Amino acid sequence: MSKTALILGAGFSGCTLAHLLATKGWDCTVVEKDHAIGGGCRTLFYGGHPYTNGPRVYYGYSERVYQWINRFIEMRPLDFELLSYVESEHRFFSYPIHEDDIPLMSKSRQIQAELQARDLTKKPADFEEYWISRVGRTLYDMFVNSYSRKMWRIESNKQLDTFSWSAKDNPINSGSRIAYKGSYLAYPTGYTGYNPYFDKTIAGATLILNQSPIAIDFDRRAVTLGDGTVLTADVLISSIPIDEFCGFSRGELPYAGRDFIPFVLPIKRVSPGNVRFFHYTQNEPYTRIVEYKALTDYQAEDTLLVMELPSANGKLYPYMLKKHIDTAKRYQEDLPENVFSTGRLGTYRYSTIEQTIAQAFTVFRNITGQRVDNIDEEFYEIGDLSLIKDRK
Ligand SMILES: Cc1cc2nc3c(=O)[nH]c(=O)nc-3n(C[C@H](O)[C@H](O)[C@H](O)COP(=O)(O)OP(=O)(O)OC[C@H]3O[C@@H](n4cnc5c(N)ncnc54)[C@H](O)[C@@H]3O)c2cc1C
């Protein structure tokens, strides 16, 4: 008889694992609370324009994971440059901050003096100290201070006690203005974006939409759904928020959310050249505006932009505070044999699409003892960001 897996959530994590296990003969059931699959990377439509909630550009460092996604959907490589609007300067600048832009800034002398004085070896205690030690007070105030506080909806960046997820040690860029240099940067070529990845990878599984667990019994690997159905399996895999999966036994974990506001403008294209989205760094209520046709290559006389407003809506960004990271780790340690929690919400990590797929490979290896495409799993320990920067 086939082994059985019950998978919660049908985003990159759940669908990738459903595919990997189904192709090994496992009988997989996937439970998704939404009316459609794909999670945060599902393509939506407004006025015919395809878009996602958040840019969801593929960027990664592993050739093999990039080849993996290309097996299911054709990806179009693209370079991109990011612009940040600094209202006090009345203009946009490149982001990451570019050394050639500094002479164009009104306080360039002060900035240069602060850059000369910085000590990159200093061990900062919080996010604010980290950034000031890396770029000086003036650039921090122009690009990071208000942006981060509005993004996380906090009073002070001193509240953030981790920062390795935020920027490299010397965040001043030089040379080409392309962001995420050295990585695979791409977006699906098809009109429906990543959707065919989800359709193809879930095809071998039984899918239950519009349902969530109301009770979970780890020992029996039994899940009771809202409609009263009880499902059991040999292996239980979750990609839903780990605190919810564990019945909030160690308390609730906080997340930052977003409101996404699509709007169309009567012009073919707004963003210049390789620029595909813009950040707003100061007192505007929004953090980012993305021009989707610059990613999707959708052809139309008008253009769709999506404004992102930080809010309590949705569990999108885990708060990278030591105490929450620690709670998530303890939740992981609580999981008994044959019960797994993976993905962005399941590990409470700031993981990318690439890392999420790689995490699914790690869970697959832990279940079956088999590696996917010989990927070196040390690179891909669940949610480990420290290793990603040295790849390629
Ligand atoms: C705004 C934003 C922009 C991003 N942009 C990028 C980017 O440009 N590039 C990049 O590489 N990464 C980006 N990411 C990260 C990337 O999208 C994620 O790493 C990836 O989508 C995570 O996939 P997942 O399957 O783990 O989670 P999700 O896609 O969140 O899937 C989880 C699924 O579980 C379902 N679910 C939740 N609760 C329950 C429940 N109780 N019962 C049943 N189902 C449930 C959800 O509906 C969802 O379908 C971005 C993330 C955000 C939030």
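This is a predicted model: local features need pLDDT of at least 70, side-chain atom pairs count only at pLDDT 80 or more; totals for chains, interfaces and linings use all residues.

Look for Phe277 and you'll find its bridge partner, Val290, in strand E17.

With strand E18 (residues 303–311), E17 pairs in the antiparallel sense over four bridges.

Now turn to the faces of E17. In a regular strand, side chains alternate between the two faces of the sheet. For E17 (residues 288–291), Arg288 and Val290 sit on one side, Ile289 and Glu291 on the other, and all of them are buried, so both faces are covered.

Next, the helices. Packed helices are described by the angle and the distance between their axes. Helix H2 (residues 63–72) and H10 have axes that come within 10 Å and cross at roughly 90 degrees, which means the two are roughly perpendicular to each other. Where they touch, Val65, Trp68 and Ile69 from H2 meet Glu354, Ile357 and Ala358 from H10. By class, that contact has five nonpolar residues, one charged and no polar ones.

H10 (353–368) also turns up at the ligand, supplying at least two residues of the shell, as do helix H1 (12–22), strand E5 (58–60) and helix H9 (343–347). In total, 36 residues surround the ligand, and the closest are Gly9, Gly11, Gly39, Gly54 and Gly343. The shell divides into 14 nonpolar, 14 polar and eight charged residues.

Definitions and conventions. Residues are numbered from 1 along each chain as its sequence is written. A residue is near a molecule or strand if its C-beta atom, placed from the backbone, lies within 6 Å of it. Ala, Val, Leu, Ile, Met, Phe, Trp, Tyr, Cys and Pro count as nonpolar, Asp, Glu, Lys and Arg as charged, and the others, Gly among them, as polar. Axes are lines fitted to C-alpha atoms, for helices over the stretch in contact, and angles run from 0 to 180 degrees between N-to-C directions. Angles under 35 degrees count as roughly parallel, over 145 as roughly antiparallel, 65 to 115 as roughly perpendicular and the rest as oblique. Two residues are in contact if their C-beta atoms, placed from the backbone, lie within 7 Å. A residue is buried if 20 or more other C-beta atoms lie within 10 Å of its own, exposed if 12 or fewer, and partly exposed in between; C-beta atoms are placed from the backbone. Two strands pair if DSSP finds at least two bridges between them.
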